[in-house]
Amino acid sequence: MQVNLIDWFKSFVPAPLNAAPRLWLRAAIGIAFVMPLVFLSDRWLVGTGLALQVIAPVGASAVLVFVASSSPFAQPWSVIGGNLFAALIGVSLGLSGLPSVLAATLAGAATLLCLFSLRCLHPPSIGLALVAAVGSPDLHQLHFGLLGPVMFNSLLLVTFALLFNNLTGNPYPKARLPRENEHHTRDPRPGERMSFVQDDVDRALAEFGEYVDITRDDLARLIKQTEKHALRRSMGEVTAAHVMSRDIYWHTPDTFIESAWQTLQQHRLRSLPVVEGDDHRLVGIVTQIDLLKHFHPRPGRLSFGQLNFLRGTKLRAIMSSPVVSVTMDTHMVELVYLLSDRGLHCLPVVDEQQRLVGMITQTDLIAALYRYWLKQLPD
């Protein structure tokens, strides 16, 4: 594919940022906390002069673990394993007696191949290998003793990143997404059955032909989010307020389960919201399954009609709380996800004060999707 000269020059223009300023501030705070700890530790281990030489790669590593913590380069194995093997290679070449230029060249190339093969590629480790190979005479006098401060720095950085990232709402390390569905079968989740699969992602990465600094799971999530936003744009503003049932049945936490069962049976419902106070604030939900768990069989031959509830049990004791709920402006695309991939059968709809204003069932959603599909048919 040919690229004209103007487009080529445009590629030098800085790309727009895709992260909010608060995320950059969070990363800067993390770096500001961890770097003094590393420097003070290194000065205690090897002295100020050598600490200044080995701390530079740590600064580059800190940028990755705090700014791009979902990157494969920033995962604990990449940081710890990458720095360990880089230091081994760099020290070995530094002790080989080779000319500095040749030692540095081999250190960079050998470290890259080693880390790539061991799946612990970490760009700052290349810089560490060069420091170990062509550093000052004082640094070379440490020989393989350099591995001590290198490993200490790596472990300290990863430990601090584990605490800081997770405490500030940024999961680290990046966990693999579960593949099973809510029913624990081998089938894909409902929302994935007509979408792409993992094999499609692998093929796309292979055809791309370049190293992509993102995990396969994150790439799949990004594609799914893109699909969701594209679908939302094509569907327009169809929200929970358009889909929900407004005349709904409910009970309070002090209702006995016999009464709740009668309501479910009489109105052919599968679940009941539980509200509290005069403002009908949502506090829980009860399903048929919840109630059936509290049946007590009579002695003798068992039949469904002979089951009795345990007397005195109130909904407060068996209701599920907190409740997965939505607001009236929740888009239908989000409703599809919650009622399919999350395995939910109904969704209470609440206002800003958590007051119950409606219910959405799978039947409501299917009817809304059918109406939307009819509108798309050509006249």
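The lining of the largest cavity comprises seven nonpolar, four polar and no charged residues (Ala, Val, Leu, Ile, Met, Phe, Trp, Tyr, Cys and Pro count as nonpolar, Asp, Glu, Lys and Arg as charged, and the others, Gly among them, as polar). The model is predicted: local features need pLDDT of at least 70 and side-chain atom pairs count only at pLDDT 80 or more, while totals for chains, interfaces and linings use all residues. Residues are numbered from 1 along each chain as its sequence is written, and side-chain values use heavy atoms, with hydrogens and water left out.

A cavity is a set of points on a 1 Å grid over the protein atoms alone where a 1.4 Å probe fits but cannot get out, and lining residues have an atom within 4 Å of a point. Volume is the space filled by probe spheres set on the points, which are joined across faces, edges and corners. Two cavities of 30 Å³ or more were counted. The largest holds about 90 Å³, and its lining includes Val54, Asn83, Leu128 and Asn153. At least two lining residues come from each of helix 3, helix 4 and helix 8 (helices are DSSP runs of H or I with at least four residues, numbered from the N terminus).

The second largest cavity holds about 50 Å³. Val91, Gly94, Leu95, Ala132, Leu139, His140, His143 and Leu146 form its lining, to which helix 4 and helix 7 each give two or more residues. By class, this lining has five nonpolar, three polar and no charged residues.

Helix 6 covers residues 123–134. Its 12 residues reach 18 Å from the first C-alpha to the last, close to the expected 16 Å (1.5 Å times one less than the number of residues).

Four aromatic pairs were counted (ring centres of Phe, Tyr or the six-membered ring of Trp within 6.5 Å; planes under 30 degrees apart are stacked, over 60 edge-to-face, the rest tilted). Phenylalanine 66 and phenylalanine 164 form an edge-to-face pair, with 5.7 Å between centres and 90° between planes. This pair links helix 3 to helix 8 across 98 residues. Phenylalanine 160 and phenylalanine 164 are stacked, because their centres lie 5.9 Å apart and their planes at 10°. Both are buried, and Phe66, Phe160 and Phe164 form one aromatic cluster.

Technical notes
On a 1 Å grid over the protein atoms alone, a cavity is a set of points where a 1.4 Å probe fits but cannot get out, and a pocket is an open set with protein on both sides within 12 Å along at least five of seven lines; lining residues have an atom within 4 Å of a point. Buried means under 20% relative accessible area, exposed over 50%, partly exposed in between (1.4 Å probe, protein chains only).
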